[in-house]
Amino acid sequence: MMRRAMLVIAALLGVAVPVEAQNSGYGILGIGFPTRPTSVRGRALGDGIAATDYQSALNPGALGLAENLTVAVGVSQEYRNLTLVGVETGGLQQVRFPYAVLSGRLGRTRLAYSLGFFEYAERTFDLSSTDTVTLRGAPVIVTDRNGSAGAVVDGRGALAWSLNAKWSLGTAVHVLGGSARLTARRAFSDSSYRPYVETSDAAFSGFGWSIGVLATPSAKFRAGLAARVDGRLSRSVDRVPGTDISLPMSVTGGFEARLATAARFSASGSWRSWSKAAAGAEAGTQAFDTWEAGAGLELGGVPRSTRFPIRLGARYATLPFSATMEQPHELNLTAGTRIRFAESHAQFDFTVERIMREGGNVTERVWHFILGLELLP
Amino acid sequence: MGKRFGWLRAEGALLVAALGCVGDVVTAPDACPAYCASTGITPRDTVFLAAISRDSSHRGYQTANGAQQILVAGTAGAREARAIVKFFALPVRFQVLPTDTTTSVIQSVDSLRINLSLRKRTTGTVELAVYRLPRATDTLLTYDAATPFFQDSTKVAQITVSPDTGRVQIVISPNDLPTLVADSFEVALGLAVTTPTANLQLGSIEAGFGMFVERFLQVDSATPPIRVKKTDSRLAQFDTFIFQDLPAPATGELFVGGAPAARALMKLTLPSRIVDSTNVVRATLLLIPSGPVLAAADDTVRLLVHALAADIGPKSPVAIAAGDDEARAGGYVAPNTADTIRIDITNLIRLWKSNTELPRTFVIRGVPDAGTLSEIRFWSSQDATRHPLVQVTYVPPFGFGVQ
């Protein structure tokens, strides 16, 4: 079983690359659009369980809850309407493969582990603009198209030690990597000028470290607290080093409470020091510290209740990068459920998010559908 | 069993999901400079004053009798041209039946019909006259030597050319060819346009559109004789065109085009940082004419530039893969113009970037070789003030926003 799981994860890591797509308008700036490293269930609950969910990558201490080997992967589809500096574009969409994680416990020991990857930041966009330039004394209309297709990926290896039934401590190492295919094109209205096309590959690398603790004072309540420090993200284009960009330190805390047998409430919050990234970002890009808070309610899905749990959540967050002094923000309204099959050795988690982002001359409205598959062999 | 089956199915689902993810590449509006991922596409335009060197012209790449078309031009242009054609001899006796080699005496020739392939013509009325030439006419006949035969006394036919292109037929009475029998039915003709501003291009043997002559005759087919009408034909033995010689080029002049076809070779020296490290979006060779283009009426010349596979002087082979006849490549030169000649050489320079083994030398030629009477003459790099120039518009490498 273990060997099979490792083979599957190895295959996933080998092929799991961000796909070509049009991501958020906020992904054009800085290192891209930071992605939340939460599971499908976590997203359905508005990230309320972010600090206590062992399948999310925020609190390594939450791995203390892992008892059996599980493999989880997610795939998502987004539909987006974007208004960028007053120009509206609809019908944008993309498919992503945001995470894959394997977790389990080493035999009957107190040591739990997790291996996997999450998307750290999405850097995919395709922009076009038209302008008039003067060449050889005559005006020529030019159409520029700049694009990037790629992302920064967070490969995480975590260990957690259950001190006792109530406390577990965890730590994780994060290896950041990723690449982006960069394209710059210019076409001229005068056919005497040949089109200009240049492509290049950008590569990213960096390291981070996180620690966390999970407290379970009773069967009806648990709380988690975690901190993460990321170093600098090294960037290069065609192996020519560029300016490194400072990555944030983050702190996450939250709790999960069982209100009734079939009702669980969770809430969490995070703070990240993204303002550090301003120095390495493109000129004119503003970088802000961010904070976010989310809460979720899960009904059913336990014995002697509804078979399919109902998950509802809400989340509010500020975003790190902006082209103006106005810090953007987003509001997420979420819902989801779970379907078990194969004698409960596998399950699908399904989440739908309605995301509303504003600020920095950008407005987005997103429908985000996420499907997760979890195997419990 | 159920657990194992479920695990295998899940594994397959994972791998399919991992490999099957695809998405759309769509375009969203941009708002530069704030939301431009990068704004470093900055074309630059530079004129290189001394980029051309080792330039020379050479004549003889294609002679008139080997050209793809036969040119006939009126007197209004700088050069009048006349076509010369000689047909293979028609048989003295006629084989009536294809299965019987017995030949019969030709009792009479009713008429001859000349068939031409008209490839191109000027607009308006075009009068084409046909003259008989001596049987001994060959490809070495010059314009001056042929002039006595292009007179009214030797004219055998005159037509108004009606179609724009296609077959043109000219009927000739045998009475206008008094030496036909004595010449053993070997016919040599000259063609000239009597309309001063007219200009024709006729198909040639080399292009597969050569002229041919048809003979309509009467023979006795049986004993006692029964006179029947028959026809036979013969292709052209050779076809060519003749024209007045131009004055010799002056010192420091280069020449391209005309017939026999002339080409100019040039070496282009541009900074390697431009040719090899930037993206050239447009490059233009500027030639200063030494005088109005010596052309036939309405004869616009197309000039093309080709890279060479090797630089060995006049016999340098053109790189086959570098044949560039793209519509926007090269340049067009109108008759009698004295404006600067602009020849697009963008594809040439882009080829050099992709193939660094090619010499940085090129050839300029009129298209097609010997396909025009026009000869372009321009000043060479030896002229201090009127030498060729090269204007290059290029885009330096893009930074992609990685500071």
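Which element gives the largest share of the lining of the second largest pocket? The answer is strand S14 of chain B, which supplies four residues.

## Confidence in the model

The model scores ipTM 0.75 and pTM 0.75. In chain B the mean pLDDT is 83, and 87% of the residues reach 70 or more. Confidence in this chain is highest in strand S16 (residues 262–268), at a mean of 96, and lowest in helix H1 (residues 2–19), at 30.

Over residues 1–31 of chain B the pLDDT is below 50. Beyond near neighbours in sequence, this stretch has 69 contacts in the model. Where pLDDT is low, the predicted coordinates should not be read in detail.

## Strand pairing in chain A

Several strands of chain A pair in the antiparallel sense. Strand S21 (362–375) is joined to S20(A) by 14 bridges, and S2(A) pairs with S21(A) over 14 bridges. Phe369(A) in S21(A) can be followed in both pairings: Val352(A) stands opposite Phe369(A), and Gln77(A) also stands opposite Phe369(A). S20(A) and S21(A) form a hairpin with two residues between the strands. In this hairpin, Gly360(A) takes a positive phi near 65 degrees.

## An open sheet in chain B

In chain B, four strands form an open sheet in the order S2-S23-S17-S20, with antiparallel pairing. The edge strands are S2 (44–48) and S20 (341–344), each of which pairs on one side only. Neighbouring strands of the sheet are turned by 20 degrees against each other on average, direction ignored. In a regular strand the side chains alternate between the two faces of the sheet.

Strand S17 (residues 279–287) and strand S23 (residues 389–395) of chain B pair over seven bridges, in the antiparallel sense. In this pairing, Arg282(B) stands opposite Thr393(B) in S23(B). A helix accompanies the sheet: H4 (residues 346–354) of chain B lies across S17 and S20 of chain B. The helix runs at about 130 degrees to S17(B).

The largest pocket has a volume of about 1,000 Å³. It is lined by 41 residues, of which the closest to its centre are Arg41(A), Tyr54(A), Arg222(A), Glu256(A) and Arg340(A). The elements that each supply at least two residues of the lining include helix H2 (40–44), strand S2 (70–84), strand S8 (196–218) and strand S13 (249–260) of chain A. S20 and S21 of chain A, the strands of the hairpin described above, also each supply at least two residues. By class, the lining divides into 15 nonpolar, 12 polar and 14 charged residues.

The second largest pocket has a volume of about 430 Å³. Of the 25 residues that line this pocket, the closest to its centre are Phe241(B), Phe243(B), Asp245(B), Ala259(B) and Pro260(B). Helix H2 (143–146), strand S14 (227–243) and strand S22 (375–379) of chain B give two or more residues to the lining. The lining of the second largest pocket has 13 nonpolar, six polar and six charged residues.

Rolling a probe the size of a water molecule over the atoms shows where empty space is left. The count comes to seven cavities of 30 Å³ or more. About 410 Å³ of space lies in the largest cavity. Of the 30 residues that line this cavity, the closest to its centre are Pro34(A), Thr35(A), Arg36(A), Pro37(A) and Arg272(A).

Six strands of chain A give two or more residues to the lining of the largest cavity: S1 (33–34), S4 (111–122), S9 (221–230), S16 (290–299), S17 (310–318) and S20 (346–359). Which classes of residue make up the lining of the largest cavity? The lining has 12 nonpolar, five polar and 13 charged residues.

Terms used. Residues numbered from 1 in each chain as written. Chains lettered and ligands numbered in written order. Predicted model: local features only at pLDDT ≥ 70, side-chain atom pairs only at ≥ 80, totals over all residues. Heavy atoms only, no water. Pairing = 2+ DSSP bridges. Axes fitted to C-alpha atoms, helices over the stretch in contact; angles between N-to-C directions. Contact = heavy atoms within 4.5 Å. 1 Å grid on protein atoms, 1.4 Å probe; cavity = no way out; pocket = protein on both sides within 12 Å on 5 of 7 lines; lining within 4 Å. Points joined across faces, edges and corners; volume = space filled by probe spheres on them. Nonpolar A, V, L, I, M, F, W, Y, C, P; charged D, E, K, R; others polar. pLDDT = per-residue confidence, 0-100.
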